[in-house]
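The following exercises concern a single chain and its ligand. Please work through each task before reading its solution.

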Amino acid sequence: MPATAPALVVTSGSEGRTALLGRAIGMALRSGDAVLISGELGAGKTCMVRGMAEGTGSATPARSPTFVLVNEYPGRIRLSHCDLYRVSGLDEVEELALEERLRDGALVVEWPERGPSTLPGDALLIQIDVDTRSDGRTIVLTPRGESAGRLLSRAAAVFEMLDMAGPERTA
Ligand SMILES: Nc1ncnc2c1ncn2[C@@H]1O[C@H](COP(=O)(O)OP(=O)(O)OP(=O)(O)O)[C@@H](O)[C@H]1O
Ligand SMILES: [Mg+2]
């Protein structure tokens, strides 16, 4: 399924703002939703997942799952968090049981481009780019598929609300 045009672009001048966008996505997540986050080392992927976990109401704080490959955050729904940076083969990805996790929860993946094409087709694609001059981030959210489109609509509405309430409205 081809990616559609970017539906939301957010600039972020701080870790807090990136996490706030994550929080909005977390609040909007439903079981079966998949989110794939791309961006260079240190772009802010885990920072966004931290916000997502908080947004689901999970009391377990998000950490980078680089060594264990998958973390689980049991909130309003179960959020599974994978990092495929060090994944070495298809077998290892199969062990993560991503399809099963999606049947009973939501999924967020860092470094999806290192994984196989068996990653969920219907997914919200997030690209975080670092502006080397300002150190700010440009975050582009593109829905690929119908569920992802609905997730993005809900998340954008929540983010607008949180953003208006926060101190970093113009950051
Ligand atoms: N606008 C911003 N949004 C997010 N993080 C920022 C921002 N500005 C600076 N940072 C810093 O960038 C770093 C992001 O780290 P994080 O672990 O989230 O990156 P990552 O993309 O998950 O990296 P990796 O590829 O190693 O998993 C943190 O140290 C954070 O403080
Ligand atoms: Mg990370």
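**Exercise 1. State which residues come nearest to ligand 1, and describe the shell around ligand 1 by element and by class.**

Step 1. Thr 18, Gly 44, Lys 45, Thr 46 and Cys 47 come nearest among the 18 residues around ligand 1; a residue is near if its C-beta atom, placed from the backbone, lies within 6 Å of the molecule.

Step 2. Two or more residues of the shell are given by each of helix 1 (15–28) and helix 2 (45–55). Helices (H or I, at least four residues) and strands (E, at least two) are DSSP runs, numbered from the N terminus. Helix 2 supplies three residues, the largest share.

Step 3. By class, the shell holds ten polar, five charged and three nonpolar residues. Ala, Val, Leu, Ile, Met, Phe, Trp, Tyr, Cys and Pro count as nonpolar, Asp, Glu, Lys and Arg as charged, and the others, Gly among them, as polar.

The model is predicted: local features need pLDDT of at least 70 and side-chain atom pairs count only at pLDDT 80 or more, while totals for chains, interfaces and linings use all residues. Residues are numbered from 1 along each chain as its sequence is written, and chains are lettered from A and ligands numbered from 1 in the order in which they are written.

**Exercise 2. Classify Thr 11 as buried, partly exposed or exposed, and list its contacts.**

Step 1. Thr 11 lies in strand 1 (residues 8–12).

Step 2. Leaving aside residues up to four places away in sequence, Thr 11 touches Gly 136 and Thr 138, a contact being two C-beta atoms, placed from the backbone, within 7 Å.

**Exercise 3. Determine how far helix 1 is covered and what its buried residues pack against.**

Step 1. Helix 1 has 14 residues, of which twelve are buried. Among them are Arg 17, Thr 18 and Leu 21.

Step 2. These buried residues pack against strand 1, strand 2 (34–38), helix 2, strand 7 (137–144) and helix 5 (146–165).

**Exercise 4. Identify the pairing partners of strand 2.**

Step 1. Strand 2 pairs in the parallel sense with strand 5 (residues 106–110) over four bridges; pairing requires that DSSP find at least two bridges. Here Ile 37 stands opposite Glu 110.

Step 2. Strand 2 also pairs with strand 6 (residues 123–130), in the parallel sense over four bridges, and Ser 38 has Gln 127 as its bridge partner.

Definitions and conventions: Expected span 1.5 Å × (residues − 1). Buried ≥ 20, exposed ≤ 12 C-beta atoms within 10 Å, placed from the backbone.
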